[in-house]
Amino acid sequence: MRVPQFDKYVGAMRGLGLLLAGMIIGAAVYSSIYHAQFEALISLKSDLEMKLDQYESDIKQWKKLSKQHTVIKSVVPRIEEEAGDKKKPVLDKVTEAELLLRIKKDLSVFIGQSIYEIDSDAQFARKLLSQKIYSDVLEKNYTVTINTMLVVDNVLQVWVKVRLYDRPPS
């Protein structure tokens, strides 16, 4: 039996190798584009869910408190942007939304309170939430400190600082 010459197939093998390399590179590029779009979609979804929860709770509270004009009707927490601070963690949208949701839940006791009697309660909340630890927020722990509280148009706006929690050595 005679073995055929391999020299005849060198060009075809080179073309097949080039085709396979192109397919692999194309699949990697497609996968990275798909991943980036999926990440943007998740971020948008979490933003929209947070806004929907905010609007639904605002509507419930406003229905209850629509006749009263001097009470806090909603709470809007905000995370302060600090420039040049090395301890401030870089928060993604999902983590930020989860932290804001937990902070809002803790501060929901202010809803229905008179805006004229908020001073004593604000001091209590500041002491209560000073260095409060929010554990297991997307597998990380954060400490939150209230900086500023402001009531405008029956909305309590709260600015907080967020830091990664470093567990003390035991």
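## Basis of the description

Two strands are said to pair if DSSP finds at least two bridges between them. Helices (H or I, at least four residues) and strands (E, at least two) are DSSP runs, numbered from the N terminus. The structure is a predicted model, in which local features need pLDDT of at least 70 and side-chain atom pairs count only at pLDDT 80 or more, while totals for chains, interfaces and linings use all residues. Residues are numbered from 1 along each chain as its sequence is written, and side-chain values use heavy atoms, with hydrogens and water left out.

Strands β2 and β3 run antiparallel and are joined by four bridges. Within this pairing, Lys132 stands opposite Val144 of β3, and Val137 stands opposite Lys140 of β3. The two strands form a hairpin with two residues between them. Leu138, in the turn, has a positive phi of about 50°.

Strand β3 also pairs with β4, in the antiparallel sense and over ten bridges. Here Val144 stands opposite Val162 in β4. Again there is a hairpin with two residues between the strands, and Asp153 in its turn has a positive phi of about 55°.

## The nonpolar core

A nonpolar core is a set of buried Ala, Val, Leu, Ile, Met, Phe, Trp, Tyr and Cys residues joined through side-chain atoms within 4.5 Å. Buried means under 20% relative accessible area, exposed over 50%, and partly exposed in between (1.4 Å probe, protein chains only). The largest core has 22 residues, and those with the most contacts inside it are Leu99, Leu107, Phe110, Val160 and Val162. At least two residues of this core come from each of β1, α2 (93–107), α3 (118–128), β2 (132–137), β3 (140–152) and β4 (155–164). In soluble globular proteins, nonpolar side chains tend to be buried together.

Helix α2 has 15 residues, and its end C-alpha atoms are 21 Å apart. The buried residues of α2 are Thr95, Ala97, Leu99, Leu100, Ile103, Lys104 and Leu107. Leaving aside neighbours within four places in sequence, Leu107 is in contact (heavy atoms within 4.5 Å) with Val75, Ala125, Leu129, Ile146 and Val158.

## Ser74 in strand β1

Ser74 lies in strand β1, which covers residues 74–79. This serine is buried, with a relative accessible area of 3%. Apart from neighbours within four places in sequence, Ser74 is in contact with Gln54, Asp58, Ile111, Asn154, Val155 and Leu156.

Rings of Phe, Tyr and Trp (its six-membered ring) pair if their centres lie within 6.5 Å; planes under 30 degrees apart count as stacked, over 60 as edge-to-face and the rest as tilted. A search of the whole structure finds two aromatic pairs. The rings of Tyr30 and Tyr34 are stacked because their centres are 6.5 Å apart and their planes lie at 20°. The rings of Tyr34 and Phe38 are also stacked, with centres 6.2 Å apart and planes at 15°.

Tyr30 and Tyr34 are four residues apart in helix α1 (residues 10–65), and so are separated by about one helical turn. Tyr34 and Phe38 are likewise four residues apart in α1. Tyr30 is exposed, with a relative accessible area of 59%, whereas Phe38 is partly exposed at 40%.

Definitions and conventions: Expected span 1.5 Å × (residues − 1).
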